[in-house]
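Colleague: Before we look at the rings and the pocket, could you set out the terms as we go along?

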Amino acid sequence: MIGTFACWGVNDAGQVGDGTTNARLSATRHAFPIGKPTEMALGPRHACAVFDRKQVACWGDGSRGQ
């Protein structure tokens with residue numbers, strides 16, 4: 001496990017980042033296999049992260065280009 005983060009919420013579009021659409025009522029820790037997150041941007045239905053290895057990943061609803 002290189003980097004981790006914790007998220008919670010409705011998760012109806014997979015925005016929590018655990019690979020499911022199950023609601024998370026408490027923080028659930030997840031691993032990033034591509035590096036340690038240095039910055040994150042969160043929206044109501046998506047999330048993105050910049051990693052120390054100069055990579056970017058996004059998850060959740062991408063229906064509007066997010």
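Modeller: Rings of Phe, Tyr and Trp (its six-membered ring) pair if their centres lie within 6.5 Å, and planes under 30 degrees apart count as stacked, over 60 as edge-to-face and the rest as tilted. The model is predicted, so that local features need pLDDT of at least 70 and side-chain atom pairs count only at pLDDT 80 or more, while totals for chains, interfaces and linings use all residues. Residues are numbered from 1 along each chain as its sequence is written, and side-chain values use heavy atoms, with hydrogens and water left out.

Colleague: How many aromatic pairs does a search of the whole structure find?

Modeller: Ring pairs link Phe5, Phe32, Phe51 and Trp59 into a cluster. Searching the whole structure gives a count of aromatic pairs of 4.

Colleague: How is the pair of Phe32 and Trp59 classed, and why?

Modeller: A pair of aromatic rings is described by the distance of the centres and the angle of the planes. For Phe32 and Trp59 the centres are 5.6 Å apart and the planes stand at 55 degrees, so the pair is tilted.

Colleague: Is Trp59 buried or exposed?

Modeller: Buried means under 20% relative accessible area, exposed over 50%, and partly exposed in between (1.4 Å probe, protein chains only). Phe32, at 6% relative accessibility, counts as buried. Trp59 has a relative accessible area of 15%, and therefore Trp59 is buried.

Colleague: Which element gives the most to the lining of the largest pocket?

Modeller: On a 1 Å grid over the protein atoms alone, a pocket is an open set of points where a 1.4 Å probe fits, with protein on both sides within 12 Å along at least five of seven lines, and lining residues have an atom within 4 Å of a point. Of the 14 lining residues, those closest to the centre of the largest pocket are Cys7, Trp8, Gln15, Leu42 and Gly43. Two or more residues come from each of β1, β3 and β4. The most, 4 residues, come from β1.
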